[in-house]
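Please keep the sequence and the model in view while reading.

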Amino acid sequence: METTLRGVGVSHGVAIGEVRHMGTAVLEPPAKQIAPEEAEREQGRARQAVEAVGADLIARGNLAGGEAQHVLEAQAMMAQDPELIADVERRIAVGSTAERGVYDAFASYRALLANAGEYLAGRVADLDDVRNRIVARLLGVPMPGVPDSDEPYVLIARDLAPADTALLDPALVLGFVTEEGGPTSHSAILARALGVPAVVALPGAGELAEGTVVAVDGSTGEIFVEPSAEKRAEMESAAAARKAALSASSGPGTTSDGHKVPLLANVGGPGDVPAAVEAGAEGVGLFRTEFLFLDDSTQAPSEEKQVAAYRAVLEAFPEGRVVVRVLDAGADKPLDFLTPADEPNPALGVRGLRSLLDHPDVLRTQLTALSKAAQGLPVHLEVMAPMVADRADAKAFADACREAGLQAKFGAMVEIPSAALRARSILREVEFLSLGTNDLAQYTFAADRQVGAVSRLQDPWQPALLDLVALSAEAAAAEGKSCGVCGEAASDPLLACVLTGLGVTSLSMGAASIPYVRATLAKYTLAQCERAASAARAADSAEEARVAAQMVLSGE
């Protein structure tokens, strides 16, 4: 009998197939004691396993390329963290086996993250995956991971680590469903990059029996268990119609009556550029430069290395617009040379622009590298600061850009509610705003963006969040300046129409979402988008806002 479940849709598309479950996690190793003379040998085993897992993660990243490569390299650094390795060796020295030492050391670090307020909860899945891989190697058992199958299937998991998501084969993995995670987790972002339909935060997903046929709608978050022939035909027909619309859609982003809405791409480095160009991106709306810094958390990359990476992206969009976010370190992206180690709540501490203003040499080097990278190119370079709280922050960043001789527009990200409330004040110091809706939702609702239990508050359809977007867009219009959205909200085609109606002037998203947004935006006039935006803001919940906007756009 057909039943319907609902999670959070994070990657567009429809997948229909049999359920296959993620490989079982590594069992807890026994807590047996070793003799003192065995400690050195066990420590050697642990170091070898750590090095092998780190190398494997880097190799997976090289195969995956793009943003996935940066995420996996960061995970490899986690595996090889000197403090963690030292803790493992201390435990072995007092009698633990190599596998037990690894298990307990990682458990201790996991507890530290939990006690820090769960802000780093999104990293816990990564940490667990690293632990499981090291312990599996030490025990000589198969690595946890994607099941072996010759037939396409829908993957079900409690959560997916980046190492698994990055190498999913779209020819076999039709889509995936997880019990945990959120719309802005690593797995969700990588799923969109791969173009694999995905639903997260679905309670009880693990209870779906192996072999059960499910139909997954990655747009709505609906899961149809044992769908009827009629439902399957309906979803397949809708998917075919969507694919045809995507194929017919090309060119710049615009409403049906010609209102231009540039569609830009979010990229993490040169590896993400080919997909953005193929999708028809009109430029880059968010170049996440922190991935370049995560290659070595102990020191900043040289100016020369930064120039090469930046120029590779800038050259791909001649005459186009490229918006670069300067280093956004701290919280879930800690760097040893930059981030305080003893903050009780890193999410509310020294992160983003605050870190850079405390280390002006790092900011100066990055701005100088950007200036050199853009020399002689016709690209329209724009540089923005993350985590701007007020006019003083905006002025400090603009002054630093001028002192570095940067010939570009200077902007501020709106990720803190105060920035939206005082947007007009901030715009007296900078030339544009860019809304990071992921963090803006997190700080507006006090809801960690990585925690599935509070995913309803991370929903970008929340009317309070739309109010803050509207305030920012209205302030920009009053000052004659631009206000874009570079958070994951822009990747939702229906919400893209609402954002346009709120006055947003550009939309930036993962490359795979651009054709969906372009095709949907082209179906409606600006006036229809404005009416849909008003209806959404008048609602009292995210779901009501979504339904209200849909009704307006469908003419009901």
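## Loops, helices and a packed pair

Glu226 is placed in the loop between β8 (222-225) and α8 (229-248). The model is a predicted one, and in it the phi of Glu226 is near 50°, a positive value in a residue other than glycine. With a relative accessibility of 37%, Glu226 counts as partly exposed, because that value falls between the 20% limit for buried and the 50% limit for exposed.

Gln43 lies in helix α1, made up of residues 39-64, and, leaving aside residues up to four places away in sequence, Gln43 touches Glu89, Ile92 and Ala93.

The accessibility of the residues described one by one in this report is set out here.

| Residue | Relative accessibility | Class |
|---|---|---|
| Glu226 | 37% | partly exposed |
| Glu530 | 37% | partly exposed |
| Gln43 | 17% | buried |
| Asp459 | 16% | buried |

The last residue in the table leads to another part of the chain. Asp459 is found in the loop between α18 (455-458) and α19, and with a relative accessible area of 16% it is buried, because the limit for that class is under 20%. The side chain of Asp459 reaches the backbone nitrogen of Trp461 at 2.9 Å, while a polar contact of 3.0 Å joins the side chains of Asp459 and Arg546. When residues up to four places away in sequence are not counted, Asp459 touches Leu465, Ala542 and Arg546.

Leu465 is also one of the buried residues of helix α19, among them Pro463, Leu466, Leu468 and Val469. The helix itself runs over residues 463-479, which makes 17 residues, and from its first C-alpha to its last it reaches 24 Å, close to the 24 Å expected at 1.5 Å a residue. After α19 comes Gly480, whose phi is positive, near 70°.

How is the packing of two helices described? The angle between their axes and the distance between the axes are what describe it. For helix α17 (residues 437-445) and α19, the angle is about 120° and the axes are 10 Å apart. The two helices α17 and α19 are therefore oblique to each other, since an angle of 65 to 115 degrees would count as roughly perpendicular and one over 145 as roughly antiparallel. The crossing of α17 and α19 is right-handed. On the α17 side, the contact is made by Thr437, Leu440, Ala441, Thr444 and Phe445, and on the α19 side by Ala464, Leu465 and Leu468.

Conventions:
Residues numbered from 1 in each chain as written. Predicted model: local features only at pLDDT ≥ 70, side-chain atom pairs only at ≥ 80, totals over all residues. Heavy atoms only, no water. Helix = DSSP H or I, 4+ residues; strand = E, 2+ residues; numbered from the N terminus. Expected span 1.5 Å × (residues − 1). Buried < 20%, exposed > 50% of the residue type's maximum accessible area, 1.4 Å probe, protein only. Polar contact = N/O pair within 3.5 Å; in protein donor to acceptor, adjacent residues only side chain to side chain. Contact = heavy atoms within 4.5 Å. Axes fitted to C-alpha atoms, helices over the stretch in contact; angles between N-to-C directions. Parallel < 35°, antiparallel > 145°, perpendicular 65-115°, else oblique. Left-handed = near helix turned anticlockwise from the far one by under 90°.
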